[in-house]
Amino acid sequence: MRTASISRRTAETDVSVSIDLDGTGKAEISTGVGFLDHMLELFARHGLFDVTIKVEGDLHVDQHHSTEDTGIALGQAVAKALGDKRGIARYADIHLPMDETLSRIAIDISGRPFLVFRTSFRVEKIGQFDTELVREFFQAFAMNAGITLHVETFYGENAHHIAESVFKGLARTLRKAVAIDPREEGRVPSTKGSL
């Protein structure tokens with residue numbers, strides 16, 4: 001079973017996350033940040049991950065801590081669920097369209113966290129959500145999942161569509177990268193023998 005649960009409590013947030021990498025796309029998400037909930041529901045559905053996330057955060061300040069700490073805990077849960085990474089495909093990429101928007105996401109489950117984020121927004125808000133928090137989430141997720149993650153939006157007009165394309169792209173790419181490759185026969189996909 002490739003599952004994991006993480007609890008993370010700070011003076012700013014109380015976050016609990018559970019994930020099943022081999023799920024069916026079920027999501028129970030309650031971060032207190034409506035737009036983030038929507039993106040994480042898409043993440044679960046398109047990744048076919050079963051995800052439960054509960055966050056209590058200092059929303060009287062803003063949505064930054066809740067968004068970032070959700071990314072941290074979800075990344076940690078993915079890393080824990082992957083264990084020693086035996087048999088995984090490791091690499092994956094996708095071009096994901098969302099109406100007028102096209103984004104490319106590429107992942108290496110390398111154990112060497114790194115983020116390249118070449119996506120920008122023409123507006124500062126999507127509803128009440130600060131668009132700069134999309135990058136904050138991806139940064140927190142990549143660093144704590146231990147993955148190399150490249151995110152680039154080639155073009156797009158609508159901020160909601162841009163955000164949706166990168167979250168769906170993350171889900172679809174991660175789904176392919178964590179998939180078990182039967183030809184690996186349980187080996188770690190690295191000449192070093194570990195990731």
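Q: Which residue does K54 meet in a salt bridge?
A: K54 pairs with E56. Their side chains come to 3.8 Å, N to O. Keep in mind that this is a predicted model.

Q: Why would two side chains like that pair up at all?
A: Opposite charges can pair when the charged atoms come close.

Q: Is K54 buried, partly exposed or exposed?
A: K54 is partly exposed, at 41% relative accessible area.

Q: And what about E56, buried or exposed?
A: E56 is exposed, with 51%. The cut-off for exposed is over 50%, so E56 at 51% passes it.

Q: How many salt bridges are there in the whole structure?
A: A search of the whole structure turns up 12.

Q: Give me another one. What does R9 pair with?
A: R9 and D14 form a salt bridge through their side chains, at 3.4 Å from N to O.

Q: How exposed are those two?
A: R9 is exposed, with a relative accessible area of 69%. D14 is partly exposed, at 27%.

Q: What is the partner of R104?
A: R104 forms a salt bridge with E152. The closest N and O atoms are 2.7 Å apart.

Q: Where do those two sit in the fold?
A: R104 is in strand β6, residues 101-108. E152 is in strand β10, residues 148-155.

Q: How accessible are R104 and E152?
A: R104 is partly exposed, at 32% relative accessibility. E152 is also partly exposed, at 21%. Buried means under 20%, so E152 at 21% does not count as buried.

Q: Which residues are joined into one network by shared partners?
A: R90, D108 and R112. Salt bridges that share partners link them.

Q: New topic, helix α3. How many residues does α3 have, and what is its reach?
A: Helix α3 covers residues 132-145, which is 14 residues. From first C-alpha to last, α3 reaches 20 Å. That is close to the 20 Å expected at 1.5 Å a residue.

Q: Which residues of α3 are buried?
A: L133, V134, F137, F138, A140, F141, A142 and A145.

Q: What do they pack against?
A: Several elements. Among them are helices α1 (34-47), α2 (64-82) and α4 (159-178). The strands include β7 (114-118) and β10.

Q: What comes just after α3?
A: G146, which takes a positive phi of about 75°.

Conventions
Residues numbered from 1 in each chain as written. Predicted model: local features only at pLDDT ≥ 70, side-chain atom pairs only at ≥ 80, totals over all residues. Heavy atoms only, no water. Salt bridge = Lys/Arg side-chain N within 4 Å of Asp/Glu carboxyl O. Buried < 20%, exposed > 50% of the residue type's maximum accessible area, 1.4 Å probe, protein only. Helix = DSSP H or I, 4+ residues; strand = E, 2+ residues; numbered from the N terminus. Expected span 1.5 Å × (residues − 1). Contact = heavy atoms within 4.5 Å.
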